[in-house]
Amino acid sequence: MNSLAKKRILLCVSGSVAAYRAPELARRLGEQGAEVRAILTEGATKLISPLLMQAVTGASARTALWDEAAEAAMGHIELARWADCIVIAPATANTIARLARGEACDLVSTVCLAADAPLLVAPAMNRNMWSHPATQENCAILRRRGVSLVGPDHGGQACGDVGEGRMSDVSEIAAAAAEAADRSLRLAGQRVLITAGPTREPIDPVRYLSNHSSGAMGFALAAAAARAGAAVDLVAGPTAAVTPPKVDRFDVVTAEDMLAEVMRRVPDCSIFIACAAVADYAPARYSQSKQKRSDSAVRLDLRPSPDILASVAKRPNPPFLVGFAAETEDVQGRARSKLDSKGVDMVVGNQVGGGRGFGDVETSAWVVWKGGGKRIGQCAKPELARQLVDLIAQRMGLGKVALLRTGSQAR
């Protein structure tokens with residue numbers, strides 16, 4: 001069972017009638033060893049007292065972004081940095097909408113926007129508000145960003161309606177908070193090297209060979225590994241993806257560039273995740289001048305690009321190795337074939353083709369390793385990344401505290 005001992009939980013309470021259960025949740029978190037601080041929205045203060053939350057948590061409850069005493073030391077940033085996990089319970093439709101839009105109009109939304117800690121949201125609202133397409137779309141946006149939602153449950157509501165919209169039981173929310181906060185240490189002490197995005201292999205000064213990779217999966221993995229406590233180096237091909245917090249990014253263009261950058265950094269890493277969609281072939285010859293168009297067919301000679309994953313696997317004492325396989329058929333079988341042929345520790349097989357592509361915001365995967373495997377169903381890429389980080393930690397036998405390990409020690 002996950003423990004909240006010495007974990008710092010920021011409990012944000014918004015203006016749902018279910019706010020009366022927030023003190024009980026704070027007490028439950030504290031009983032499990034967590035240090036709890038509370039933020040109340042303006043609406044929440046109409047339902048429960050900040051003084052009550054202070055009595056339960058032992059710390060002053062914040063209610064306003066423009067608190068002169070707290071903001072003299074940039075209090076909203078201090079709270080964002082302090083938290084191991086942020087829990088919004090209850091979360092109203094309005095609060096969820098603000099999070100989805102990325103607003104920073106009150107203390108809760110501002111802290112959430114400034115934080116890179118895991119975010120857990122427990123919705124609570126009228127059943128019709130919950131089922132409204134706008135709310136469902138906002139929740140889908142949050143899930144795609146890696147936010148965890150707990151509930152809501154089905155049952156009677158304060159307005160007299162019966163349906164889905166009740167805030168989940170405080171024990172369920174506390175358990176989810178413990179799991180989310182625990183991830184902040186799973187890769188503590190590890191250095192993770194990740195490749196992401198496509199490569200571009202030049203034909204002439206204006207043309208190149210490449211693929212449709214957006215880099216989203218690799219960047220989601222980098223974010224998940226950083227949240228799990230790892231030091232993360234991200235070697236990225238050409239992509240517009242935004243660098244996650246606490247991640248060091250190194251931009252490259254060609255497969256040769258990516259190989260050189262990886263080989264420079266791999267001696268210091270304990271985990272290598274080859275997520276990039278490296279071009280399998282490159283033009284055999286590069287033309288210094290633009291090739292003019294003609295009405296006749298043109299032949300382009302290609303040579304194999306370097307196999308980065310295989311190159312790392314051949315090193316003495318390689319790190320824990322994770323490869324990716326984008327396949328149009330027999331995903332599990334071909335992922336296992338790559339596992340055996342490359343001599344790596346884990347392979348993640350993704351389905352492409354048939355309307356599924358690199359740029360999709362959701363995906364599914366077959367994750368295979370020697371003697372085992374796991375099917376991960378359709379989910380947003382940040383959620384897949386979170387599950388992959390958990391699997392890597394499990395396969396490496398990493399607990400809540402890990403010493404820095406490199407090379408064969410990490411296998």
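Which side chain meets that of D84 in a salt bridge? In this predicted model, the partner is R8, with an N to O distance of 3.8 Å. The pair connects distant parts of the chain, 76 residues apart: D84 lies in the loop between α5 (75-82) and β3 (85-91), and R8 belongs to strand β1 (residues 8-13). D84 is buried, at a relative accessible area of 16%, whereas R8 is partly exposed, at 31%.

The whole structure contains 17 salt bridges. Among them is the contact between R207 and D204, in which N and O are 2.6 Å apart. D204 has a relative accessible area of 2% and is therefore buried, while R207 is partly exposed at 31%. A further salt bridge joins D251 to R249, with the closest N and O atoms 2.8 Å apart. Here the acidic residue, D251, counts as exposed at 54% relative accessibility, and R249 is partly exposed at 25%.

Strand β16 (residues 320-327) is mostly covered, with 7 of its 8 residues buried. This strand runs parallel to strand β13 (residues 271-274), to which it is joined by 4 bridges; V322 of β16 is the bridge partner of I273. Strand β16 also pairs in the parallel sense with strand β17 (residues 346-351), over 6 bridges. In that pairing, A326 stands opposite N350 of β17. Together with helix α14 (residues 331-342), strands β16 and β17 form a right-handed β-α-β unit.

Methods. Residues numbered from 1 in each chain as written. Predicted model: local features only at pLDDT ≥ 70, side-chain atom pairs only at ≥ 80, totals over all residues. Heavy atoms only, no water. Buried < 20%, exposed > 50% of the residue type's maximum accessible area, 1.4 Å probe, protein only. Helix = DSSP H or I, 4+ residues; strand = E, 2+ residues; numbered from the N terminus. Pairing = 2+ DSSP bridges. Right-handed = clockwise from strand over helix to strand, strands pointing away. Salt bridge = Lys/Arg side-chain N within 4 Å of Asp/Glu carboxyl O.
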